[in-house]
Amino acid sequence: MQLYIMQTYSRELLRVGAILLLMFTSFQSIASSKSQYCNLPKDELINGGYILLEKSCVFNESILITKSNTILDCNNSIIDGQGRLNNGVMIISQGKSIRNILVKNCTIKNFKHSGIGVSSGISPEKLSPDHKRNYDNSPTDIIIDNVTVETNAGVGVYIDDYVTKTIIKNSVIKSSGSTGIYLDQSSKFNQVINNVIENNGFPTEEGRGEREGLAIDSSANNIIEGNKFINNAAGGVFLYKNCGEAFKTGKSVIRWQHSDFNIIKNNFFSGQPIGVWIASRQSRDLSKWGCGDDSMDKEKHFYQDFSKYNKVVGNEFCRNKIAIKIEDDNNIIKNNSFDEDVSKQINIPMTMREKLLGEKTIGNDITENENKKCDH
């Protein structure tokens, strides 16, 4: 009798196990079928207003926003360029004033150029000599919140010329082939707040150099706060004034604004060659870049870089080869912590400006920084 009961019990366990396996397999099938390919609501996108995408959808299309007072709530759906489309979500003013736009709850991936772009849509050669007019014709008051921008071949989030008051927050920008976030010339008063910016700048195409997590190119008065910059190829945050590269092609302009008055505070930097580099092109050979600026040498190899009056305060640096590199004047480096000796982590090298023009790097206020063991 006992043997019979054990055999019966064993058969019952096998039967229950088979049922559970079938249920689990069915659940997996249902879960994998939740994501479905959908079409974007074209009329809503054209007209603006509140646009709520269908949850659990995958959209293999680009999105263009041109109207003020627009909210795009992706509702945790996916915008997937499949490696064939250029740009994911583009906010373009088309040469007029647009403002008050919110993009949230999106995953944007696999685009050839940028995941998200904010631009006037005006080509460089058509920009006005009147800077106020350019600002008036460019997007302002833009919010990008709770998005994941990943595996795009170019820049993750691109903030174009003269764009102001854009906030990128609570988001993940990762695995871009170029910079994770790019603040381009004459943009200002933008904020990058509480994001994870990681594994960007590892190019997939031959001939493209490694890039940083955040590029501040002739962009001023920005706030970079509470972010995690982790394992970006060239470094965390680089500040510089572009030399007007490829100037003769008409695809670039001479930068009039410097990368000044930016605040980089309470961020975490880990696993990068350089955490923060101020005036990152002061000593770089740019002879092959077709610069429009006047060079510091007759051979046109080196061009003066400008990045002053920035504040790098309250940041934590762990496992970076160099934490902070400074190649311009009058910046404040204060209350930062380093996992190695401070004197080795703040680097002020002899620059090409000093060698060619005799101008040393001066006026930087470096105080109250400390060594601190990293717990991360």
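**Disulfides and pockets in a predicted model**

Modeller: Welcome! If you number the bonded cysteines of the protein chain in sequence order, they pair up as 1-2, 3-4, 5-6, 7-8. Keep in mind that this is a predicted model.

Colleague: How many disulfides does the structure hold?

Modeller: There are 4 disulfides. A disulfide is a covalent bond between the sulfur atoms of two cysteines.

Colleague: Why are Cys-38 and Cys-57 called a disulfide?

Modeller: Their sulfur atoms are 1.9 Å apart. The cut-off is within 2.5 Å, so a pair at that distance counts as a disulfide.

Colleague: And what makes this disulfide of Cys-38 and Cys-57 left-handed or right-handed?

Modeller: The torsion about its S-S bond is about -65°, so the disulfide is left-handed. Cys-38 sits in the loop between β1 (36–37) and α2 (42–47), while Cys-57 is in strand β3 (residues 57–59), 19 residues apart.

Colleague: Why is Cys-38 called buried?

Modeller: Buried means under 20% relative accessible area. Cys-38 has 14%, so Cys-38 is buried. Cys-57 has 1%, so Cys-57 is buried as well.

Colleague: How do you know that Cys-74 and Cys-106 are joined by a disulfide?

Modeller: Use the cut-off again: S to S is 2.0 Å, and the limit is within 2.5 Å, so the pair qualifies. Here the torsion is about 75°, so the disulfide is right-handed. Cys-74 lies in strand β5 (residues 70–80) and Cys-106 in strand β7 (residues 99–109), 32 residues apart.

Colleague: Are Cys-74 and Cys-106 buried or exposed, and how do you know?

Modeller: Cys-74 has a relative accessible area of 0%, so Cys-74 is buried. Cys-106 has 2%, so Cys-106 is buried too.

Colleague: What makes Cys-318 and Cys-374 a disulfide?

Modeller: S to S is 1.8 Å, which is within 2.5 Å, so the pair is a disulfide. Its torsion is about -100°, so the disulfide is left-handed. Cys-318 is in strand β25 (residues 316–318), and Cys-374 is in the segment after β31 (370–371), 56 residues apart.

Colleague: Why is Cys-374 called buried?

Modeller: Its relative accessible area is 15%. That is under 20%, so Cys-374 is buried. Cys-318, at 0%, is buried too.

Colleague: Now the pockets. Which residues lie nearest the centre of the largest pocket?

Modeller: They are Val-155, Tyr-158, Tyr-182, Asp-184 and Lys-251, and 36 residues line the pocket. Its space is about 840 Å³. The lining has 11 nonpolar, 14 polar and 11 charged residues.

Methods: Residues are numbered from 1 along each chain as its sequence is written. This is a predicted model: local features need pLDDT of at least 70, side-chain atom pairs count only at pLDDT 80 or more; totals for chains, interfaces and linings use all residues. Side-chain values use heavy atoms; hydrogens and water are left out. On a 1 Å grid over the protein atoms alone, a cavity is a set of points where a 1.4 Å probe fits but cannot get out, and a pocket is an open set with protein on both sides within 12 Å along at least five of seven lines; lining residues have an atom within 4 Å of a point. Grid points are joined across faces, edges and corners, and a volume is the space filled by probe spheres set on the points. Ala, Val, Leu, Ile, Met, Phe, Trp, Tyr, Cys and Pro count as nonpolar, Asp, Glu, Lys and Arg as charged, and the others, Gly among them, as polar. Helices (H or I, at least four residues) and strands (E, at least two) are DSSP runs, numbered from the N terminus. Buried means under 20% relative accessible area, exposed over 50%, partly exposed in between (1.4 Å probe, protein chains only).
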